[in-house]
2 protein chains.
Amino acid sequence: MKLIDLYAKLKKDISYIEKELERSIDVDNDLLREASLHLLKAGGKRIRPVFVLLGAKFGTYDLARIKHVAVPLELIHMASLVHDDVIDDALTRRGQLTVRSKWDNRIAMYTGDYIFAKALSVVTQLPNPLIHQIMSKAIVEMSIGEMEQIRYFFNADQTFRDYLLRIKRKTALLIAISCQLGAIAAGAGEAASKSLYTYGYNVGMAFQVRDDILDLCGTEKEIGKPPGSDIRQGNITVPVIFALQDKSLRPGLLNEIQRIQQLDGQTDISGFIRTIRGSNGITRAEELASRYIDKAIAALEPLPDIQAKKDFTGIAHFIGNRSY
Amino acid sequence: MKLIDLYAKLKKDISYIEKELERSIDVDNDLLREASLHLLKAGGKRIRPVFVLLGAKFGTYDLARIKHVAVPLELIHMASLVHDDVIDDALTRRGQLTVRSKWDNRIAMYTGDYIFAKALSVVTQLPNPLIHQIMSKAIVEMSIGEMEQIRYFFNADQTFRDYLLRIKRKTALLIAISCQLGAIAAGAGEAASKSLYTYGYNVGMAFQVRDDILDLCGTEKEIGKPPGSDIRQGNITVPVIFALQDKSLRPGLLNEIQRIQQLDGQTDISGFIRTIRGSNGITRAEELASRYIDKAIAALEPLPDIQAKKDFTGIAHFIGNRSY
């Protein structure tokens, strides 16, 4: 299956969610509305709503209910991006000006606060406390993840485990609960929603690992920004953690990381990237992503054989081979 | 009644909430825990939890339930303060270093995000969707209020109505729902919780108006910071809005406001403060606060004559005469 076919098939429902997203951020304050809309229009693959829609296929598929989960999950993702841009001093994202560069940091911070709050306000319209609990707990974990990322900037002594916990909080958890809450909102049974959580968690982990590989191995055209943005920012990802375990490479890499940190990321990093590409860190990271993909597909096994199961499998395979 | 007597009477319950507050922000990330704890230990009057406790007296008073409302409401207040400090570049608050000056803006932003999320995570442990709705909507309104404040910085053309809506969002709403949610969490009837909302709204409005008067008329010792912080920051409050309506003062005030804005607040503002103090803006603002206090007390009228009603009345009178 191609991802584009899946989007084509869900087009009507995705458009509906898109309209609801726009409606959800409509507010009688020009600055806030424009900044939120700018953020929304900057796009993104709306992968979280897609996961919600597919998850809901395992219960009673009713868009008017499901939107109360699909919209907030995308809003949470958007809010976390706008706050990340404040932290990263990012000027552009996906080729568009960020809120903080088009307006300023203050506006980006309050826009993020507004969108976070709006997300919770939308989901609470669904009178299901369990859903509210799951969503608010995930936001707590995400915010801890953000702080953990800062804590580990340029820290070459972090472990593989530290990295895994961080990407779980940063990426995998929100994808996991997207699949799970789609199912719960549609009244699917507990077994199905648990399986879908496990699927989403593993797909999310694979997604982030492959994203981190791409940042080191992709071309600027493929990834929409110069390679090595992670290390410039201090973010030490799994290919680097694996490469650091190679005793012959470690001393040189430690020097490089220290040098990049001292120059605040504003330096030539091609030597660093060459070293990582030449190490076994990339292959080991690819194997790691593949293992997560295998686990994701295995988690689908107990679910009934409906089309959505095939679609979930297709997405997993797509992420496994992702090179865009 | 003196406020100190009320706190003495509620001491045991306030201590319980205080411990729960500490527990709620306990987290396995040193930075986040220290920053959150620093914020918590910086103190504050815990007026929102006190309103929750008193509101709950109109139903079945059970601290183990009520804490799920009292803790989040104080957390929301704390989170909004830490984000405000980022915006205001504040170095100290209540005589303590702010999170952004003790650590940095990034840490202050994520600490605020974490505490906001934690607040919602605590309240969702109470399986009452109505409470979740009321709380998340209030946070939405608060974040709009923050943006409105930025929008109206140094804007001398804003109306009395603009001001009222802003302080409603910024202050009154959270106090209103503190009274209301205390009652709802304790299972008090809808009539009682509505009356308490109205009481809290009016007390909150009076509180903010008096705070804004104090910023212009108090001594540095009374208010814990130099008078005129509001105008330095661009925040035009109701005594100023009233003074601007005096045709003989308006041209001079407009010049002053423009001058303060051009110098980014870093200038002598004693002339501005003298003009406002000499205008009828202060008296009119005091009358406004008194009207809100009267309305607050009137809102209590239909409630049963229990001790908490007397305590609420006492707080309203205290805020009416507040000069600390």
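Q: Is B:D30 buried, exposed or partly exposed? Start there and go on to the other pairs and the contact between the chains.

A: This is a predicted model, in which local features need pLDDT of at least 70, side-chain atom pairs count only at pLDDT 80 or more, and totals for chains, interfaces and linings use all residues. Residues are numbered from 1 along each chain as its sequence is written, chains are lettered from A and ligands numbered from 1 in the order in which they are written, and side-chain values use heavy atoms, with hydrogens and water left out.

B:D30 is partly exposed, at a relative accessible area of 39%; buried means under 20%, exposed over 50%, and partly exposed in between (1.4 Å probe, protein chains only). B:D30 forms a salt bridge with B:R33, with 3.1 Å between the closest N and O atoms. The term stands for a side-chain nitrogen of Lys or Arg within 4 Å of a carboxyl oxygen of Asp or Glu. Both residues belong to helix α3 (residues 30–41) of chain B, and because they are three residues apart, about one helical turn separates them. Helices are DSSP runs (H or I, at least four residues), numbered from the N terminus. B:R33 is also partly exposed, at 27%.

In helix α8 (residues 129–151) of chain B, B:E148 and B:R151 are likewise three residues apart, and their side chains form a salt bridge at 2.7 Å, N to O. Here B:E148 is buried at 7%, whereas B:R151 is partly exposed at 36%. A further pair, B:K194 and B:E190, lies four residues apart in helix α10 (residues 190–217) of chain B. Their salt bridge has an N to O distance of 3.5 Å, and both residues are exposed. Over all chains the structure holds 26 salt bridges.

Between chain B and chain A, however, the count of salt bridges is zero. There are 13 residue pairs in polar contact (both at pLDDT 80 or more), that is, N or O atoms within 3.5 Å; within protein, one must be able to donate a hydrogen and the other to accept it, and residues adjacent in sequence count only if both atoms are side-chain atoms. The elements giving two or more residues to the side of chain B that touches chain A are α3, α5 (63–88), α7 (105–123) and α8 of chain B. Of these, α8(B) gives the most, with 14 residues.
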